[in-house]
Amino acid sequence: MATLDDTDIRLIAALRRDGRASISDLAARLKIARATVRSRIERLVASGEIAGFSVLTRADVTAAPVRGLTLICIEGRGTERVIAQLQGMPAVQAIHSTNGRWDLIIELSTDTLQELDDTLVRIRKFDGITSSETNLILSSRRALKRP
């Protein structure tokens with residue numbers, strides 16, 4: 001893994017703020033040449049330091065009123081398969097692997113309790129899930145960070 005210098009760190013920070021910024025805009029903001037921006041992005045992607053790019057939709061940044069954390073236990077080696085299934089579900093906001101009794105913690109967000117219940121029913125039907133526990137989030141002490 002390559003060591004990141006100050007320019008790499010500033011470039012990654014700028015991309016986190018605006019992943020759609022043009023090479024020219026990034027170069028102007030960072031006060032470096034466009035060719036430098038392009039080559040550094042290519043190098044950071046090739047080295048795996050930048051693992052990918054994503055899109056946030058309006059629904060992603062709109063706070064859904066019903067939020068919960070679901071903890072699940074998975075038998076055997078089915079974790080990657082379960083994660084792949086979870087990633088395709090609109091209610092799933094994040095998936096965290098963990099240690100201890102539970103294998104995964106899933107952050108869920110829906111518009112209604114019925115949607116949350118429907119999501120939980122689907123998740124519990126996945127092959128390999130041996131147990132689950134869900135907690136509703138009643139309030140949060142810190143605001144959600146959204147770009």
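This is a predicted model: local features need pLDDT of at least 70, side-chain atom pairs count only at pLDDT 80 or more; totals for chains, interfaces and linings use all residues.

User: How many helices and strands does the protein chain have, and what counts as one?

Analyst: Helices are DSSP runs of H or I with at least four residues, and strands are runs of E with at least two, numbered from the N terminus. On this basis the protein chain has six helices and four strands. Their pattern along the sequence is α-α-α-α-β-α-β-β-α-β.

User: What makes the four strands a sheet, and in which order do they stand?

Analyst: Two strands pair if DSSP finds at least two bridges between them. Strand β1 (residues 66–74) and β3 are joined by seven bridges in the antiparallel sense, and strand β2 (residues 92–97) and β3 by five, also antiparallel. The open sheet has the order β2-β3-β1-β4, with antiparallel pairing. Neighbouring strands are turned by 20 degrees against each other on average, direction ignored.

User: Which residues of β3 are the bridge partners of I72, H96 and V92?

Analyst: I72 has L104 as its partner in β3, H96 has I105, and V92 has L108. β2 and β3 form a hairpin with six residues between them, and in its turn G100 has a positive phi of about 90 degrees.

User: Why is strand β3 described as largely enclosed?

Analyst: A residue is buried when its relative accessible area is under 20%, exposed when over 50%, and partly exposed in between (1.4 Å probe, protein chains only). Five of the seven residues of β3 (residues 104–110) are buried, so the rest of the structure largely encloses this strand. For the protein chain of 147 residues, the buried share is 31%.

User: Why is α1 called oblique to α2?

Analyst: Axes are lines fitted to C-alpha atoms, for helices over the stretch in contact, and angles run from 0 to 180 degrees between N-to-C directions. Angles under 35 degrees count as roughly parallel, over 145 as roughly antiparallel, 65 to 115 as roughly perpendicular, and the rest as oblique. The axes of helix α1 (residues 6–17) and helix α2 (residues 23–30) cross at roughly 125 degrees and come within 11 Å. That makes α1 oblique to α2. Contact means heavy atoms within 4.5 Å; R10, L11, A14, L15 and R17 in α1 meet L26, R29 and L30 in α2. By class, this contact has five nonpolar, no polar and three charged residues. Here Ala, Val, Leu, Ile, Met, Phe, Trp, Tyr, Cys and Pro count as nonpolar, Asp, Glu, Lys and Arg as charged, and the others, Gly among them, as polar.

User: What makes α1 roughly perpendicular to α3?

Analyst: The axes of α1 and helix α3 (residues 34–47) come within 11 Å and cross at roughly 85 degrees. With that angle, α1 counts as roughly perpendicular to α3. T7, D8, L11, I12 and L15 of α1 make the contact with V37, R40, I41, R43 and L44 of α3. Its classes are six nonpolar, one polar and three charged residues.

User: How do you know that T119 is buried, and where does T119 lie?

Analyst: T119 lies in helix α6. Its relative accessibility is 9%, and T119 therefore counts as buried. Leaving aside neighbours within four places in sequence, T119 is in contact with M89, A91, L108 and T110.

User: Why is F53 called exposed?

Analyst: F53 has a relative accessible area of 56%, and is therefore exposed. F53 lies in the loop between α3 and α4 (58–61). The C-alpha atoms of F53 and R16 are separated by 9.6 Å, with the two residues 37 apart along the chain.

Conventions
Residues are numbered from 1 along each chain as its sequence is written. Side-chain values use heavy atoms; hydrogens and water are left out.
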